[in-house]
Amino acid sequence: MRVLGINAIFHDPSAAVIVDGRVVAAAEEERFSRRKHGKRPVPFSAWELPELSAAWCLQEAGLRPGDLDAVAYSFDPALCRDPAEVGIHDPWDSLRVDYARRAPQFLATALPGLDPEQVRFVPHHVAHAASAGLSVDGPSAVLVLDGRGESASHLAGAYRDGHLETFRSQELPHSLGLLYEDLTRHLGFMHSSDEYKVMALASYGKPRFIGLLRELVRATGDGGFVVERIDWDALAKARAAGDERELTETHADLASSVQIRLEEVLLDLARWTYEASGGLKTLTMAGGTALNCVANARIAAEGPFDRVWVQPAAGDAGTALGAALALTNQHVPFTTAALGRGWSDDELEAELKRAAVPYTRPRSIAAEAAEVLARNGIVAWYQGRSEYGPRALGHRSLLAHPGDQHTQTRMNDVKGREQFRPIAPMVRAERFADIFEGVYPSPYMLFVHRVKPEWKDRIPAVTHVDGTARVQTVHTDTEPLVAEMLAEFERLTGLPVVVNTSLNTAGRPMVDTPREALELFGSAPVDLLAIGPFAVHRARTFGEQPAGETR
């Protein structure tokens, strides 16, 4: 069966192709269009399709639109209700639904040769659920939470033998995702984009508003929840977007209070789902709320499940894959997030020659990068196929030394982002337990972990203010090149950890093409571009002293 999955209705438009039970390709439109998140989540943009990523996915699979057995669209307009009935006060929301109804015709225009009759509408939360529950072997409970779907914001259920049983869904206007979006907007950040900044800010505050939030946001005991209206201005003055210095202690306290209440309600929902599932051992999660790695860690530590697995593309981008999986009704184990574009060594070398930059092909690019990192340099690491989802996982990464207490400031300066933002570590899987406590394995950076006391002073750059770190475990069988780089760095420094953050600058999508990698290298103080097997050193290219060294 050849299925193209499409996510287009809200934000993070994306495409995925499954051929005969194998995920061939999956990518977000932003990596092609270079518009962060692809578009803004407003009704007027609902007609925009992931045309570029869909065309590439088909090309990667060797298919034409007419070859497809089905196209799965991750929203079902037939499930929508009158906006006023579900507390949606946007007078243009009906426009979004109208565009969704016309999606088959829009897709046939965007992908010439496609029969619009091949398009199937998959309910939004079913697509989220399938992206998680059908990505693991065997039965699992499934929990989906986000801002909104057609008329709900949540789904609890279980997958058995490829089929979803839905236990409960929570109808709008009650939404934990919209609660967090509203707070994000109130704090001066961009909603449906910057929620992770609020999660980071929460660690700096105290939950002094938790009593009120427990009254207004609560689980109902039957698998659902209530989110009553919150007067944000009565708790903290709204902050205009822009100056980070305008963030106050009160803002951090409000973020902390909402974060903790979110965690508490999610734990209640997870426990209810466990009982409803008959005690299934595995919980799978998706939806934008599942990108809250602090909450995920609490569910794993305090919840009843033996295993918690979160879809790496848990946000709306993942519904392209999920919608396609939902039509196949079969489990397709998720083994890698490297499902995007990649270039051969010959293609990379041709791009380096075109750019007329001096480069070498060292015996080992992993060892070359480790040497630069050991000297406290910054490395742009561009290897293999790009990642599907928001996390840089050793394919499109910025790497740095974790032992320098100034690394966080340097990296945030390079990326042009807020200084309170933490940076994350990657570590070889066999060294994880020596340094961290918490969920293992963690190959997709979707949980926080406690840094052991004896390591906090040795890796200060990746130890957040609350003593945690969002760890990626690197496994030699799946990421041999990254594992080699980490082993060489440990040999040189005694530290088994390297800083890993996404290869981009603030407000821009992650680097995807070789040309974009070269553009970032030329515009940011990066000491080495490790692009495939090739090394481009800043000192040799621009005659500059490496940033981490002294003369």
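Angles under 35 degrees count as roughly parallel, over 145 as roughly antiparallel, 65 to 115 as roughly perpendicular, and the rest as oblique. In this predicted model, the axes of helix 14 (residues 365-374) and helix 18 (residues 480-493) approach within 8 Å and cross at roughly 40 degrees. The two helices are therefore oblique to each other. The crossing in which helix 14 passes helix 18 is right-handed.

The contact itself draws on residues from both helices. Helix 14 contributes I365, A366, A367, A369, A370, E371, L373 and A374, which meet L481, E484, M485, E488, F489, L492 and T493 of helix 18. By class, the residues of this contact comprise 11 nonpolar, 1 polar and 3 charged.

Helix 12 (residues 318-328) presents another setting, for this helix is mostly covered, with 10 of its 11 residues buried. The buried residues are G318, T319, A320, L321, G322, A323, A324, L325, A326 and T328. They pack against strand 1 (2-7), strand 2 (14-19), strand 3 (22-28) and strand 4 (70-73), as well as against helix 5 (124-133). Just after helix 12, N329 adopts a positive phi of about 55 degrees.

The cysteines remain to be considered. A disulfide is a covalent bond between the sulfur atoms of two cysteines. With a disulfide taken as a pair of cysteine sulfur atoms within 2.5 Å, the count for this model comes to 0 disulfides. Residues under 20% relative accessible area are classed as buried. C57 is buried because its relative accessible area is 0%, and C80 is likewise buried, at 18%.

Technical notes
Residues numbered from 1 in each chain as written. Predicted model: local features only at pLDDT ≥ 70, side-chain atom pairs only at ≥ 80, totals over all residues. Heavy atoms only, no water. Axes fitted to C-alpha atoms, helices over the stretch in contact; angles between N-to-C directions. Helix = DSSP H or I, 4+ residues; strand = E, 2+ residues; numbered from the N terminus. Left-handed = near helix turned anticlockwise from the far one by under 90°. Contact = heavy atoms within 4.5 Å. Nonpolar A, V, L, I, M, F, W, Y, C, P; charged D, E, K, R; others polar. Buried < 20%, exposed > 50% of the residue type's maximum accessible area, 1.4 Å probe, protein only.
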